[in-house]
Amino acid sequence: MAKPKKKPADNTIAQNKKARFDYALSEKFEAGLELQGWEVKSLRAGKVQLVDSFVQFHRGEAWLMGALISPMQSVSTHYVAEPSRKRKLLLNRRELAQLQQGVEQKGYTVVCTALYWKNHLVKAAVALAKGKAEHDKRNVEKERDWNREKQRVVRDHNR
C-alpha cells in the first residue's frame, strides 16, 4: 500500500514582521522573483533576511532592493555571490501600473512582506504601504497587550 504524501506544514521562507509594525498595509500582490541557482539553494536553507527590503521602480520594472540572501559556503565556491543584489520582481503590467500609481501618492511605498514557496517557485508577497506614526504603533501595542490580558482573565475565570 502506497503511503500518502505529506504536505509541508508551512511554505513560508521568510517574513518581514517589521514591515507589519512600521506600515499600514493596504493592497497586497503576489510577485515572482528572478533568482540565480545559488540563491534558490540558500532560500531552501532559510538564509534570507527581509528586514530592510523595499521595492523600487526603474524603467517600468519593479526591483526588490535590500533583501539579504546569504550564500552557502558549499555552493558558492566557484562563483562570486552578491548577497544584497537587486532582484527583479515579476508582475504583470496591470499590477505594476497599480503599484506605481500608489507610490506616486504621498506617503505610500511598496514593501516585501514575505517570501514563500508556491509549488516549486519562489513568490514574494508585496504590499502597498503607508508609514505609521509613532503614536499609532503605541496604540497597536496597547491593544495587543489588552487582548492578551483579557484572554488570561477569561482562561483563569473558567478554571
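1. Ser42 touches Lys47, Ile69, Ser70, Pro71 and Met72, leaving out residues up to four places away in sequence; contact means heavy atoms within 4.5 Å. Ser42 sits in helix 2. Helices (H or I, at least four residues) and strands (E, at least two) are DSSP runs, numbered from the N terminus. At 0% relative accessibility, Ser42 counts as buried. Buried means under 20% relative accessible area and exposed over 50%, with partly exposed in between (1.4 Å probe, protein chains only).

2. A word on the basis. This is a predicted model, in which local features need pLDDT of at least 70 and side-chain atom pairs count only at pLDDT 80 or more, while totals for chains, interfaces and linings use all residues. Residues are numbered from 1 along each chain as its sequence is written, and side-chain values use heavy atoms, with hydrogens and water left out.

3. Helix 3 covers residues 93-104. Its 12 residues should span 16 Å at 1.5 Å a residue, and the end C-alpha atoms are 16 Å apart, which agrees. The expected span is 1.5 Å times one less than the number of residues.

4. Which residues of helix 3 are buried? They are Glu95, Leu96, Leu99 and Gly102. These cover an arc of only 130° around the axis, which puts them on the same side of helix 3. The arc is that of the directions from the helix axis to the C-beta atoms. The face turned away from that side carries the exposed residues Arg93, Arg94, Gln101 and Glu104. Strand 2, strand 4, strand 5, strand 8 and strand 9 are among the elements that cover the buried residues.

5. Strand 8 (residues 108-118) is mostly covered, with eight of its 11 residues buried. Strand 8 pairs with strand 1 (residues 12-15) in the antiparallel sense over three bridges; two strands pair if DSSP finds at least two bridges between them. Gln15 has Ala114 of strand 8 as its bridge partner.

6. Strand 9 (residues 121-131) runs antiparallel to strand 8, joined by 10 bridges. Tyr108 is bridged to Lys130 of strand 9. The two strands form a hairpin with two residues between them, and Asn119 in the turn has a positive phi of about 60°.

7. The largest nonpolar core has 26 residues, of which Leu43, Leu89, Leu115 and Val126 touch the most other members. Helix 2, helix 3, strand 8 and strand 9 are among the elements that each supply at least two residues of this core. A nonpolar core is a set of buried Ala, Val, Leu, Ile, Met, Phe, Trp, Tyr and Cys residues joined through side-chain atoms within 4.5 Å.
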